[in-house]
Amino acid sequence: MASSHESFWDHASFAVVGHSGKRNFPKMTYNGLKKTGKAVYAVDLGGAEVEGDTSYPDLSSLPGRVEAAVLELPKNETAEWVGRAADAGCTAVWIHQQTDTPEALELAEKRGLEVCAGNCAVMYVTPGMSFHAPHRWIWKMIGRF
């Protein structure tokens, strides 16, 4: 049976949210999701184009509603974006490792969102050999995948 972290990626549409003005946009997550053939949109608060694709300044600017949002933002912005994801109609959020806060997790629960936190999204969306492969193997062995 798939874990909640694995089944998160069963959604049909995603927004990958980053802030390139403060840290690199999460291109590995974005590209990994694009390879799945699902609808994926870049939301970059820094306003930069992402991998030649249009980036959007917020979730309300997307051409359609997305089911899930992957939040790879500075920690102090996470809770705000959990609320924005819920307001935009997302049913699930992935909060990148080490960027969750008690406030963000509480808000997600209060808003009824499916939440994955504490893990790196790239470990799930980039199958095969990569520098994440050893992490995947270890986490599977200890039951945290």
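Helices here are DSSP runs of H or I with at least four residues, strands are DSSP runs of E with at least two, and both are numbered from the N terminus.

**Figure 1. An overview of the predicted protein, with its six helices and six strands.** Welcome to the whole chain before we zoom in. This is a predicted model, in which local features need pLDDT of at least 70 and side-chain atom pairs count only at pLDDT 80 or more, while totals for chains, interfaces and linings use all residues. Residues are numbered from 1 along each chain as its sequence is written, and side-chain values use heavy atoms, leaving out hydrogens and water. The protein has 145 residues, and 46% of them count as buried; buried means under 20% relative accessible area, exposed means over 50%, and partly exposed lies in between, using a 1.4 Å probe and protein chains only. Take the contacts between residues at least 6 apart in sequence: 59% of these join residues at least 24 apart. A contact means heavy atoms within 4.5 Å.

**Figure 2. Helix α3 packs with helix α4.** Here α3 spans residues 78-87 and α4 spans residues 102-110. Their axes lie 8 Å apart, at an angle of about 15 degrees. The axes are lines fitted to C-alpha atoms, for helices over the stretch in contact, with angles from 0 to 180 degrees between N-to-C directions. On the α3 side, Thr-78, Ala-79, Val-82 and Gly-83 make the contact, and α4 brings Glu-103, Ala-104, Leu-107 and Ala-108. Five of the contact residues are nonpolar, two are polar and one is charged. In this grouping, Ala, Val, Leu, Ile, Met, Phe, Trp, Tyr, Cys and Pro are nonpolar, Asp, Glu, Lys and Arg are charged, and the others, Gly among them, are polar.

**Figure 3. A closer look at Ala-108 in helix α4.** Ala-108 counts as buried because its relative accessibility is 0%. Setting aside residues up to four places away in sequence, Ala-108 touches Val-82, Leu-113 and Val-115. Look for Ala-85 too: Ala-108 and Ala-85 are 23 residues apart in sequence, with 9.3 Å from C-alpha to C-alpha.

**Figure 4. An aromatic cluster formed by Phe-8, Trp-9, Phe-14 and Trp-94.** Across the whole structure, a search finds seven aromatic pairs. Rings of Phe, Tyr and Trp (its six-membered ring) pair if their centres lie within 6.5 Å; planes under 30 degrees apart are stacked, over 60 edge-to-face, and the rest tilted. The rings of Phe-8 and Trp-9 sit 4.9 Å apart, centre to centre, with planes at 80 degrees, so this pair is edge-to-face. Phe-8 and Phe-14 make a tilted pair, with 5.9 Å between centres and 55 degrees between planes. Phe-8 is buried at 0% relative accessibility, Trp-9 is buried at 9%, and Phe-14 is buried at 0%.

**Figure 5. Ser-61 in the loop between β3 and β4.** To find your way, note that β3 covers residues 55-56 and β4 covers residues 68-71. Ser-61 counts as partly exposed, with 32% relative accessibility. The C-alpha atoms of Ser-61 and Val-43 are separated by 9.0 Å, and these residues are 18 apart along the chain.
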